[in-house]
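Subject: Structure for your review

Dear colleague,

Please find below the structure that I am handing over to you. My findings follow directly after it.

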Amino acid sequence: MPCDARCALAVLDTKADATMMPLNAPRQIPAALAAPANRMRQAWRLVLACLLAVTGAQASEGPPMVAIQVAPNSYYVQGLAAMGSPKNQNFISNAGFVVAEEGVVIIDALGSPALAERLVAVIAGITPKPITHVLVTHYHADHIYGLQTFKALGAKIIAQKGAKEYIHSETARLRLQASRTDLAPWVDEQTQIVQPDQWVDGGEDMTLSGTRFHLALVGPSHTPEDLAIWVPSERALFSGDLIFNGRLPFVGKANSSHWIKALDQMTDFDAVAVVPGHGRWSDNPKQDIALMRDYLGYLRETMGAAVDDLLPFDAAYAEADWSRFEAVPMFRFANRMNAYNTYLLMEAEGLRAK
Ligand SMILES: [Zn+2]
């Protein structure tokens with residue numbers, strides 16, 4: 001048996017609790033288990049040897065992946081506040097998972113099949129239940145390139161209808177083509193855009209693996225197909241990219257007017273935990289949503305005023321006071337593009353209003 005397969009089996013057999021533990025962290029062997037039989041000692045030695053091998057491999061192959069528990073049965077892994085790169089395996093977005101009654105429901109699939117495989121291993125360290133569903137909050141590359149891994153395990157993929165246009169678009173095809181170069185070897189010729197097994201309208205309640213989920217329609221905001229996933233029994237909300245916590249968002253061609261309304265809608269959930277699409281989870285959703293709301297509102301206010309005054313974009317950007325957001329991570333990468341996209345949006349909204 002190849003070492004990797006033995007490692008996987010040995011790690012799964014231990015059923016150690018990986019909560020809050022990076023996969024590459026050394027684990028404690030309970031004394032009661034370490035002593036008695038030779039066979040048991042050998043098994044543990046194999047586990048240790050494999051863990052050391054995994055430690056070495058992961059150090060060179062990507063950032064650690066840690067399951068963070070936010071509610072009794074709800075977890076997520078947190079991507080870096082960075083641009084996708086071969087070094088980080090495109091680990092720049094979050095994925096959540098809920099250990100439901102009869103299986104595991106994942107929210108978003110991460111940015112490469114390799115990351116998805118690592119998430120499968122993280123989940124196996126927490127529960128032996130099978131992965132049964134993946135709910136996709138939106139079809140952006142960093143949230144979907146891992147889908148094929150879960151599909152191959154038999155999970156059912158569910159997404160909102162608004163994604164149909166993107167999936168079949170030239171934009172999606174070109175993006176994947178570019179990613180095969182930019183993110184090689186983590187995204188390659190084998191990486192595909194996987195279609196959902198089930199399309200939903202949004203707004204429905206679904207019982208998945210014995211646990212109730214509400215698929216809240218919060219788009220079109222960041223994308224046409226935005227879903228936020230509310231788990232009432234956990235009081236946990238997985239917001240997708242409507243919330244970027246502790247970093248600036250990429251606004252893209254978003255409908256920021258609707259996005260602001262959707263943020264208000266999300267504060268109505270009585271959540272004790274919000275897992276955003278990017279950044280740290282929040283146990284104080286109202287405060288963290290306020291930063292997003294403030295930023296989007298400021299973009300609309302400044303760029304809207306510039307459009308009204310027929311001020312060119314460069315002048316409008318130079319005139320705006322960005323000091324309140326300059327220290328927020330990703331400002332350097334995201335702010336100018338966000339401002340420009342909002343300028344174009346305000347022009348289009350102005351034309352529509354006339
Ligand atoms: Zn994203």
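I begin with Ser209, which sits in the loop that links β8 (205-208) to β9. Please keep in mind that this is a predicted model. The phi angle of Ser209 is near 50°, a positive value in a residue other than glycine. As background, most residues other than glycine have a negative phi. Is Ser209 buried, exposed or partly exposed? Ser209 has 18 other C-beta atoms within 10 Å, and therefore counts as partly exposed; a residue would need 20 or more to be called buried.

Leu110 also has a positive phi, of about 70°, although it is not a glycine. Leu110 belongs to the loop between β4 and α4 (113-124). Because 30 other C-beta atoms lie within 10 Å of Leu110, this residue is buried.

For comparison, most peptide bonds are trans. One of the cis bonds joins Ala184 and Pro185, with omega at about 5°. Pro185 is placed in the loop between α8 (170-182) and β7. The other leads from Gly219 to Pro220, and its omega is near 0°. Pro220 is part of the loop between β9 (211-217) and β10 (227-231).

I turn next to the sheet. In general, the strands of a sheet pair through backbone hydrogen bonds, either parallel or antiparallel. Here, seven strands make up an open sheet with mixed pairing, in the order β1-β2-β3-β4-β5-β6-β7. At its edges are β1 (68-71) and β7 (198-200), each of which pairs on one side only. From one strand to the next, the twist averages 25°.

How many of the residues of β3 are buried? Five of its five residues are buried, and the strand is thus described as mostly covered. Ala95, Phe97 and Val99 point one way from β3, while Gly96 and Val98 point the other way.

On one flank, β3 pairs with strand β2 (residues 74-77) in the antiparallel sense over four bridges. Within this pairing, Ala95 of β3 has Val77 opposite it. β3 is also joined by four bridges to strand β4 (residues 104-107), and these two strands run antiparallel. Here Phe97 stands opposite Ile106 in β4. The strands β3 and β4 form a hairpin, with four residues between them.

β4 has a further partner in strand β5 (residues 131-135), where the pairing is parallel and again involves four bridges. In that pairing, Ile107 is opposite Leu135 in β5.

Finally, please look at Gly146, in the loop between α5 (141-144) and α6 (147-152). Why does Gly146 count as buried? The reason is that Gly146 has 30 C-beta neighbours inside 10 Å. Which residues does Gly146 contact, leaving aside its neighbours within four places in sequence? They are Ala109, Leu110, Gly111, Ser112, Pro113, Leu115 and Ala116. Ala116 is 30 residues from Gly146 in sequence, yet their C-alpha atoms are 5.0 Å apart in space.

Yours sincerely,
A colleague

How values were computed:
Residues are numbered from 1 along each chain as its sequence is written. This is a predicted model: local features need pLDDT of at least 70, side-chain atom pairs count only at pLDDT 80 or more; totals for chains, interfaces and linings use all residues. A residue is buried if 20 or more other C-beta atoms lie within 10 Å of its own, exposed if 12 or fewer, and partly exposed in between; C-beta atoms are placed from the backbone. Two strands pair if DSSP finds at least two bridges between them. Two residues are in contact if their C-beta atoms, placed from the backbone, lie within 7 Å. Axes are lines fitted to C-alpha atoms, for helices over the stretch in contact, and angles run from 0 to 180 degrees between N-to-C directions.
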